[in-house]
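Please look over the sequence and structure shown here. The briefing that follows is grouped by topic.

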Amino acid sequence: MNAQTENNQARIDTGESEGDKGANAIDMLRRFHYGEPIATASTDKLSGALLPALLNPYRDASAIRYEYPLYLAPAESSEQETLAKPAAEHLRESLEAMTLSDSDARILKDNLPWLERYIRQQLEDPNPVDASEIFAAAAAALQEQLDLEQASREILAADLERLQGAIAPGGKFLGYGPHSSLHLLVHAIRHRHENQHGVFREQINKHIHGLRSLLDVEKAKAAQTSDDKSADGTAGQYLDTNALTGMLGRRARGSIDMPEERRNRIAQALEDLQAWKDDPVLVRFVGKLEDPSLVDLPVLEVVDSGDPCTTASETFKRDAEKCARLFAAARIATLEINDAYDPAIHDSWFASFDWQAFSDEEMQLVTKVVALVSADYLAGDGLPSISHLLGSRLPVHVLTWVRAYDNPAVRPGEGPFDAYRFELAYFGVGHRQVVVAQSSAARHEDLLAGFLCALDSNRTSLHLINRGTQTRTKKPLLDAWFVASAALEGRAHPFLLINPDRGDHAAERVSFGGNPQADNDWPVETLEYRSADGETTRMDLAFTFADYALLMPALHDHFRMAPTGFDSPDLVTVDQYLQADDELIDRLVPFVWGIDENGVLARLVVSRALVFACRDRLNYWHTLQELAGVQNFYVEEAVDRIIKEQQVQLDVEREQLKKEHEEQLESARSEAAGQAMGQLVDVLMGADLSGMIADDSQIASMPAPEATPAEVAAEPDPDADADAEAQPEVDEEEDELSFDEPWLDTAMCTTCDDCMGINKMMFVYNEDKQAIIKDATAGPYADLVAAAEICPAKCIHPGKPLDPNEPGLDELIARAEPFN
């Protein structure tokens, strides 16, 4: 007994010791969360190659197919053709187009993923390369890798040759890298230039031909006049043919010489048009550009500047001034060829002709100017110049790289979470007439959508791009493409495109569809992991800004590892913490799930500063949702108000209908009862009541002599006979008037057909399309009860059963009672 007691006490002591240990652990983690220095120094920092749990499958990017590399269509392709698409998609679509059945090109189809992986590996230098050349190298490597028999080798070679033929001349492959977005921008500019300048060249040539024709006619007229004067001899010098023609007026049939002023204007316009040469530089980057592959492009010029926004404005104005002379010459040519030039109107107009008078088509022909500015500069010293540019109406494009985890407005010595984040996109939205594109380089379609929107709009534009670069690490745990995608998932850098050309309403201007699970606060995915007992378990996890922050080594001080295997009710995930009630916040400790290179899950407690940043990102996310019409508070409030108003109205109408129905039903019942009582009175009044009084005249008379017993027995009793005759009639009348019979309040019938569906022999419609009971014996009592129960007007009254032998009568009578 003593031994058992000692064992129990030991287990209790052990439990208390473990409990104390757990209490100490959660208390220490809570203190770290609140930023206490002792707890921060005493808790375990991150160790090992930890990733957010949901991103663990993406450690080895070489085994995963994603959007890059891209296939860039030739710049000369039509505007309807897709500018860029994943190389894997292009090859797959081309292969499907050239095969008729699943069995065709079977070897190539089976090895297409190998080809894609080889091409991606060859694009480690993320610059555009000739797609046909690199595909040829990949095809040769595949044939060498497979080492097929001669027949299969020949089939594969033929299929590879056909697939290579689907790559258009000039097509390129682009890998993912720090400047992939710039290459896409240049690609979009080249594509737009080829289509627009081709049309403009045709117009210029047409104008040149028209102006030459006008001058050639004048030259011919001048030559003819000279010949005529020579023929007239001496008299010709005294005759002014032009003056004579003017005197003749409309009756003149000869030609009039062109005024010298007009001839000079046409000659000048022709000279300006002939002097035009298409500028090989399509875009000028203003700022610092360190990528040598871009600097060396002939279509690109780099203008170094310490104030890119101001310099970009000046650069555009200079280019526009050069173009103004050309565009004015083209417009003058059109007017002169159509004989519509009026010096009184057009001279002063063209004297002040500048970029603000350009048409949309002319504005598209001016060399594009792109200011490359850092986010820190824009949110700091460059804020006045960027604000001035965004309000200037100059079609200058501002492009900046954004570190999604950082705050561009922090001052030296401040941390990224020491203040609310300065949102450059929202700053751009505040300028109202600016194209704002916040996008991720990992999503090429969203990136191109922003570029093309800006290039086609002739507005100032602001492009905020996250590339997924990581700092303070030599070998990132994740490929930059996945890091950029994680910024999009964690609401650190949500997609946003504002196009003022679509209209004045936010719902028209805002594009928001590039965000994953845009209706939710955070994207939620399912994590599969193996529990301690070896079973596969699933867990739904939200990917928050704190999960994204775990990818940034610069932010690892905001995490601490909970002891292995430790759990507590106070430990909650960040998304749960942000939704918790205020009275629970002080007790709870937020964490995210991390996973190391061995696949072991760990709880990583988050600092209070990082939780504040999560709340700040969530607040901005809600702002963008309302801007885009997603989870809009005002819309939801209006919908709730309308629903409540409609519900109140429906309740009132329902009560009114109920009241009217009850009044009609009560009236019908009273009327039916009155009719029944009237019929009963009529029967009773028509009965023989003479036996109830002494005689008919009520006059006193002498009594008759008593009869003998024999006479009494022999004489019939007239009263008895009368009673015998009257009794059956009264009984019959009472049977007809019994309230136990079934009846139907026909006036209340709504013609719902429910009773007809039960028994069409028992219930029929009258001439007013309202139900009556035709024959109550045409079915069992159960049909009457069932019909009464489903009747919406409650106008069927089953009465009592007509057949006392029908089974289940006790239950049926009880069910019928509410309707009788």
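**Briefing**

In strand β8, Val369 is the bridge partner of Arg284. This is a predicted model, in which local features need pLDDT of at least 70 and side-chain atom pairs count only at pLDDT 80 or more, while totals for chains, interfaces and linings use all residues. Residues are numbered from 1 along each chain as its sequence is written, and side-chain values use heavy atoms, with hydrogens and water left out. Helices (H or I, at least four residues) and strands (E, at least two) are DSSP runs, numbered from the N terminus.

**Chain overview and confidence**

- The chain comes to 30 helices and 23 strands.
- Of its 820 residues, 43% count as buried; buried means under 20% relative accessible area, exposed means over 50%, and partly exposed lies in between (1.4 Å probe, protein chains only).
- Among contacts in the chain with a separation of 6 or more, 70% are accounted for by residues 24 or more positions apart; a contact means heavy atoms within 4.5 Å.
- The average pLDDT of the chain is 84, and 86% of the residues score at least 70; pLDDT is the predictor's confidence in each residue, from 0 to 100.
- Where pLDDT is low, the predicted coordinates should not be read in detail.

**The sheet of 8 strands**

- An open sheet with mixed pairing has the strand order β7-β6-β8-β9-β11-β10-β12-β13; two strands pair if DSSP finds at least two bridges between them.
- Its edge strands, each pairing on one side only, are β7 (300–303) and β13.
- Helix α18 packs on this sheet and touches β8, β9, β10 (435–440), β11 and β12 (496–498). The direction of α18 makes about 160 degrees with that of β10; such angles run from 0 to 180 degrees between N-to-C directions, with axes being lines fitted to C-alpha atoms, for helices over the stretch in contact.
- Strand β6 (residues 283–286) pairs with β8 in the parallel sense over 4 bridges.
- On pairing with strand β9 (residues 397–401), β8 is again parallel, over 3 bridges, and Leu372 stands opposite Leu399 in β9.
- Strand β8 (residues 368–372) is largely enclosed by the rest of the structure, because 5 of its 5 residues are buried.
- Both faces of β8 are covered, with Lys368, Val370 and Leu372 buried on one side and Val369 and Ala371 buried on the other.

**The sheet of 4 strands**

- A further open sheet has the order β3-β2-β5-β4, with antiparallel pairing.
- Strands β3 (84–86) and β4 (129–130) are its edges, each pairing on one side only.
- Strand β2 (residues 70–72) pairs with strand β5 (residues 172–174) in the antiparallel sense over 3 bridges, and Leu70 stands opposite Leu174 in β5.

**Helix packing**

- Helix α3 (residues 87–98) packs against helix α7 (residues 150–165) at an angle of about 115 degrees, with the axes 9 Å apart.
- In this contact, Leu91, Ser94, Leu95 and Met98 of α3 meet Asp159, Arg162 and Leu163 of α7.
- By class, the contact of α3 with α7 has 4 nonpolar, 1 polar and 2 charged residues; Ala, Val, Leu, Ile, Met, Phe, Trp, Tyr, Cys and Pro count as nonpolar, Asp, Glu, Lys and Arg as charged, and the others, Gly among them, as polar.

**Backbone and loop details**

- Most residues other than glycine have a negative phi, and most peptide bonds are trans.
- The peptide bond from Tyr68 to Pro69 is cis, with omega near 5 degrees; Pro69 is found in the loop between β1 (51–52) and β2.
- Asn458 has a positive phi of about 60 degrees although it is not a glycine. Asn458 is found in the loop between α18 (444–457) and β11 (461–466) and is buried, with a relative accessible area of 14%.
- Lys794 also has a positive phi, near 55 degrees. Lys794 lies in the loop between α29 (781–790) and β23 (796–797) and is partly exposed, with a relative accessible area of 36%.
- Gly513, in the loop between β13 (510–511) and β14 (524–530), is exposed, with a relative accessible area of 72%.
- Gly513 and Leu496 are 17 residues apart in sequence and 8.3 Å apart in space, C-alpha to C-alpha.
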